[in-house]
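Let us walk through this protein step by step. We start at one residue and widen the view from there.

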Amino acid sequence: MTERLIIAGGGLSGVLTAMAFARARPDIALTVIEAGDRLGGDHTWSFYATDLEASAAALVEPFIAHRWDSYETRFRRFSRTFSTGYRSVTSARLHSVAMEALGSRVRLCAKVAGIDGTGVTLADGTHLEADAVIDARGARRLDGVVLRWQKFLGREVRLTEPHGLTHPTIMDANVPQVDGYRFVYLLPFTADTLLIEDTYYSEGAAVDAAALRSRIDDYAAAQGWTIAETIREERGALPLLLSGDFPVMWKGAAPAGGPVPLGLRAGLFHPVTGYSLPASARTAVALADLAGPLSTDRLRSAVQTIARKHFARSSFDRLLNRLLFLAGEPQDRHLVLERFHKLPQPLIERFYAGRLPRAYQLRILVGKPPVPFFRAVRVVPESAALQPR
Ligand SMILES: Cc1cc2nc3c(=O)[nH]c(=O)nc-3n(C[C@H](O)[C@H](O)[C@H](O)COP(=O)(O)OP(=O)(O)OC[C@H]3O[C@@H](n4cnc5c(N)ncnc54)[C@H](O)[C@@H]3O)c2cc1C
């Protein structure tokens, strides 16, 4: 009998997983159920070319809408250009490429109202059963974790004149520091269009959209740019993980009898950036390459292993977040990031790829971090984030 797989949620992790299964297991009857009228919502997902191993890179390749061979960072006292490639996937491209490949296997405008490990019930009452059910419906509250936020509002704008940029600016921190660590992120798409994102490493997730829009106007004016029109807007508050208890988190994310959690809801994101594209791509490839019969239990135990390893490997990232948020003063956070971006390029690449060997971790910590020594020592244990300050 044909094995059946349901993926609830056609966002980033749902689509990547569907594409990986369609390629590796064409024998499986696959259904992607998405509440919206298109796959992937309305985002720009970016990543460093060095983030992905060959198999994950091949999966993501058809979705890349923009690519650059370098990027830069700017701080008050120094700027730097890196020769690391940078890539962006857009929702529009994700939707068109995936719809062409998956066709009738995608059900749009179909809201999942009930879900467990054996099937889903749609809002219109339709019940669908499957051998394996994946829940890729996006962020949910994670248990047993302490979070802070990378929050932002981005405007894709058309200027009256060419902007003159040739590559992304991942951080322009040469702006007034408010609400934590503030920087502007720039992705030049064409000669006169670009995404300008006003971003904060902040204690709270709330985004004051009107204030951020007007700061983007001020930033554009300071560069000598005149905005002719705003083409689209995107915003988000991405989780940054300071500490966590993996068993507690996993129990909440994957209760017994439930579906297989994926993406942000499985805790599969980079603790320091909140970005999930690399982890989603790797997980998609690993699940589709699993040999043997398809079942919710087998996929859930595979994701649990991946999430546990991801959590264990990122203990240093959580320590950095504690140093950033608990040991330092909010107005000094930009100094920590400035110092980080002076490190050797291969080290920075490995850090973002989540592949930083221990010896390299020391390189990040030695020197003179701009945080008071005794406060830094206090936040080293992971439990420190849970103590009242
Ligand atoms: C604006 C923005 C920009 C980001 N930029 C980056 C970036 O540059 N790089 C990066 O790596 N990460 C980025 N992230 C972080 C992260 O990668 C994204 O949030 C990513 O989309 C998370 O993937 P996901 O599959 O977990 O959830 P989502 O992509 O949010 O997918 C969830 C999907 O489930 C659907 N859904 C929800 N409920 C139901 C339901 N009941 N029934 C059916 N469907 C449902 C939603 O409509 C959605 O399509 C960004 C996040 C945001 C918000």
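Start at His270. Neighbours within four places in sequence aside, His270 is in contact with Tyr275, His310, Asp317, Phe351 and Tyr352. Contact here means heavy atoms within 4.5 Å. The side chain of His270 also reaches the backbone oxygen of Phe351, at 3.1 Å. His270 sits in the loop between strand S18 (260-261) and helix H6 (277-288). Helices (H or I, at least four residues) and strands (E, at least two) are DSSP runs, numbered from the N terminus. His270 is buried, with a relative accessible area of 9%. Buried means under 20% relative accessible area, exposed over 50%, and partly exposed in between (1.4 Å probe, protein chains only).

A word on the model and its numbering. Residues are numbered from 1 along each chain as its sequence is written. The model is predicted, so local features need pLDDT of at least 70 and side-chain atom pairs count only at pLDDT 80 or more, while totals for chains, interfaces and linings use all residues; side-chain values use heavy atoms, with hydrogens and water left out.

Now step back to the domains. The domain assignment gives domain 1 (4-64 + 88-143 + 245-313), domain 2 (146-240) and domain 3 (315-386). Such bounds come from an automatic or database domain assignment. The C-alpha centres of domain 1 and domain 3 lie 31 Å apart. Where do domain 1 and domain 3 bury area between them, and how much? They bury about 1100 Å², with 48% of it on carbon and sulfur atoms. Buried area is the accessible area (1.4 Å probe) that two parts lose on being put together, summed over both. In domain 1, Thr50, His270 and Val272 lose the most area to domain 3, together 37% of what that side buries. Twelve residues of domain 1 are in contact with eleven residues of domain 3.

What holds charge against charge here? The rule finds one salt bridge across the interface of domain 1 and domain 3. A salt bridge is a side-chain nitrogen of Lys or Arg within 4 Å of a carboxyl oxygen of Asp or Glu. Arg355 and Glu53 meet in a salt bridge through their side chains (3.1 Å, N to O). Seven residue pairs are in polar contact between domain 1 and domain 3, both residues at pLDDT 80 or more. A polar contact is a pair of N or O atoms within 3.5 Å; within protein, one must be able to donate a hydrogen and the other to accept it, and residues adjacent in sequence count only if both atoms are side-chain atoms. On the side of domain 1 that touches domain 3, helix H7 (residues 296-313) gives the largest share, three residues. That side divides into five nonpolar, three polar and four charged residues. Ala, Val, Leu, Ile, Met, Phe, Trp, Tyr, Cys and Pro count as nonpolar, Asp, Glu, Lys and Arg as charged, and the others, Gly among them, as polar.Look beyond this interface. The structure holds 26 salt bridges. In one of them, Glu338 pairs with Arg77, the closest N and O atoms being 2.9 Å apart. This pair links distant parts of the chain: Glu338 is in helix H9 (residues 333-340), and Arg77 is in the loop between strand S5 (71-74) and strand S6 (79-82), 261 residues apart. Glu338 is buried, at 2% relative accessible area. Arg77 is exposed, at 62%.

Asp198 and Arg182 form another salt bridge (2.8 Å, N to O). Asp198 lies in strand S16 (residues 193-202) and Arg182 in strand S15 (residues 181-188), so the pair ties together parts that are 16 residues apart in sequence. Asp198 and Arg182 are both buried.

Glu234 and Arg232 also form a salt bridge, with the closest N and O atoms 2.5 Å apart. Both residues are buried. A network of salt bridges links Arg38, Asp42, Glu156, Arg232 and Glu234.

Finally, turn to the backbone. Most residues other than glycine have a negative phi. Cys109 has a positive phi, near 55 degrees. Cys109 is in the loop between strand S8 (106-107) and strand S9 (112-115), and counts as exposed at 55% relative accessibility. Asp179 has a positive phi near 55 degrees. Asp179 is in the loop between strand S14 (169-172) and S15, and counts as partly exposed at 41% relative accessibility.
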